[in-house]
Amino acid sequence: MLKMTRRTFAVLPNVAFAGGTEYHLTKDELMVFVHIQFVKQVGLMDTQITRIYTDMLLEDLEWKTTTASRDNKRVVTALEGLEKKGYIVIQFDGKKITNSLLTITVVEEMMKVGTHVSVKWKDKPLPFKGYTKIEGDDYNLAEVDGQKMTVIAYVLWRSGIEGYKIAFKEWQLVLNVSDKTAQSIINDCDSNINIIRGEKYKDENGQWRQEPNTYELKKNMSTKSKLEKEKQEVTSMTYLEKFASTVTDPRYMGDMEVIKELYDKDTPLDWKGYEAWKETTCPNLKKAGNDLFAILEKKGQTWLKEKLEKEYQDRKKHQTAIEIAMAKLPDIIPYESDEEEAERQAKHQAIRNVKKKDYSFFDEEIV
């Protein structure tokens, strides 16, 4: 992978993040747009012009596979998409774009373009305007991965706005992926990005909610952000400890594994937490489980409760069968002390001795 120096940089119009608009860039388009700005030749550094072959782009972006036609199609699709959306102008002398030296000019006017995107989870439309400067070490963090580059660039932009929080619905919009995929992509960027979790609160219906997270590149993390992250970690623990102090069922008092499964919405519910919810005598623990299942039902995830209930019933049947079998053991194998066992064995031996034709009592060893 090509490594860029810190002295070099690229600029990305922020409308490139505006999902659902004519300006939104795919992961390949964004990666190509940023990359061509880093590979300008000497003499063109102060211009918006890059001269390059498509084969060089394939090499630099590590897009080459064993199928050349598919590779060429990928890079051509990205270049043509950028030109169609107004980000670049492409000139070449040959008949085919893949066989020609390309002169690519970045359209500076795109840096001034702005737009708004209306979303259901915010009262006001999301604004996308201005541009983000991406330095060489920012580029290197992405490892020529278009999705990572998008995340890094978006965090660079939004972290420069005081107090800006990014909901996962916003990540879905920017990355043009599902919620599950968005979370996976963000997790893959964990080594380069600090995530300061939003605080938890109760809404007007008494349901627990969480504020969106704040993001910052680790290399840019301020002292204030570090303190906020430490505070968030402490608050999260205090939040659980406070609830733990209200648990009255002796079986689960101090059992943080169970408490987290039922009360901490970031902890997956498993068998142990479900069993506690089914059997606990603690009203607070029972209510925490009820609230959790209400949230899952709204999300259409009732299958989890059904799965755990089936597992719970299967385990109980198995446990009952074992208890019945154990209860019958005394009738099958009567208990006897060591002395009783020795006496029984001596009787059996005496009977066997009498049955021997050549047996004599006087042959017994005296102990």
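Reader: What covers the buried residues of H6?
Author: The cover includes strand E5 (115-117), strand E6 (126-128), H5, H7 and strand E11 (214-217). Helices (H or I, at least four residues) and strands (E, at least two) are DSSP runs, numbered from the N terminus. This is a predicted model, in which local features need pLDDT of at least 70 and side-chain atom pairs count only at pLDDT 80 or more, while totals for chains, interfaces and linings use all residues. Residues are numbered from 1 along each chain as its sequence is written, and side-chain values use heavy atoms, with hydrogens and water left out.

Reader: Which residues of H6 are buried?
Author: Glu 170, Trp 171, Leu 173, Val 174 and Leu 175 are buried in H6. Buried means under 20% relative accessible area, exposed over 50%, and partly exposed in between (1.4 Å probe, protein chains only).

Reader: How do the axes of H6 and H7 cross?
Author: They come within 9 Å and cross at roughly 90°. That makes H6 roughly perpendicular to H7. Axes are lines fitted to C-alpha atoms, for helices over the stretch in contact, and angles run from 0 to 180 degrees between N-to-C directions. Angles under 35 degrees count as roughly parallel, over 145 as roughly antiparallel, 65 to 115 as roughly perpendicular and the rest as oblique.

Reader: Which residues meet there, H6 against H7?
Author: From H6, Phe 168, Trp 171, Gln 172 and Leu 175 meet Asp 179, Ala 182, Gln 183, Ile 185 and Ile 186 in H7. Contact means heavy atoms within 4.5 Å. By class, this contact has six nonpolar, two polar and one charged residues. Here Ala, Val, Leu, Ile, Met, Phe, Trp, Tyr, Cys and Pro count as nonpolar, Asp, Glu, Lys and Arg as charged, and the others, Gly among them, as polar.

Reader: And just after H6, what phi does Asn 176 take?
Author: Asn 176 takes a positive phi of about 55°. Most residues other than glycine have a negative phi. Asn 176 is found in the loop between H6 and helix H7 (179-188).

Reader: Is Asn 176 buried or exposed?
Author: Asn 176 is exposed, with a relative accessible area of 62%.

Reader: What about Val 144, where is it found?
Author: Val 144 is in the loop between helix H4 (136-142) and H5. Val 144 also has a positive phi, of about 50°, although it is not a glycine. At 9% relative accessibility, Val 144 counts as buried.

Reader: Changing topic: how many aromatic pairs does a search of the whole structure find?
Author: The search finds 14 aromatic pairs. Rings of Phe, Tyr and Trp (its six-membered ring) pair if their centres lie within 6.5 Å; planes under 30 degrees apart count as stacked, over 60 as edge-to-face and the rest as tilted. One of the pairs is Phe 17 with Trp 157, which is stacked at 5.9 Å centre to centre, with 15° between the planes.

Reader: Which parts does the pair of Phe 17 and Trp 157 tie together?
Author: Phe 17 lies in the loop between strand E1 (9-13) and helix H1 (27-38) and Trp 157 in helix H5, so the pair ties together parts that are 140 residues apart in sequence. Both Phe 17 and Trp 157 are buried.

Reader: What geometry do Tyr 154 and Trp 171 have?
Author: Tyr 154 and Trp 171 form an edge-to-face pair, 5.4 Å centre to centre with 65° between the planes. Tyr 154 lies in helix H5 and Trp 171 in helix H6 (residues 168-175), so this pair ties together parts that are 17 residues apart in sequence.

Reader: Which residues form one aromatic cluster?
Author: The cluster is formed by Phe 17, Phe 128, Tyr 154, Trp 157, Trp 171 and Tyr 215.

Reader: And the largest nonpolar core, how many residues has it?
Author: The largest nonpolar core has 69 residues, and those with the most contacts inside it are Leu 79, Tyr 87, Ile 88, Phe 128 and Trp 171. The largest share of this core, eight residues, comes from helix H5 (residues 146-158). A nonpolar core is a set of buried Ala, Val, Leu, Ile, Met, Phe, Trp, Tyr and Cys residues joined through side-chain atoms within 4.5 Å.

Reader: What lies apart from it?
Author: Another core, of 24 residues, lies apart from the largest one, with Val 258, Tyr 263, Leu 269 and Leu 296 among its residues.
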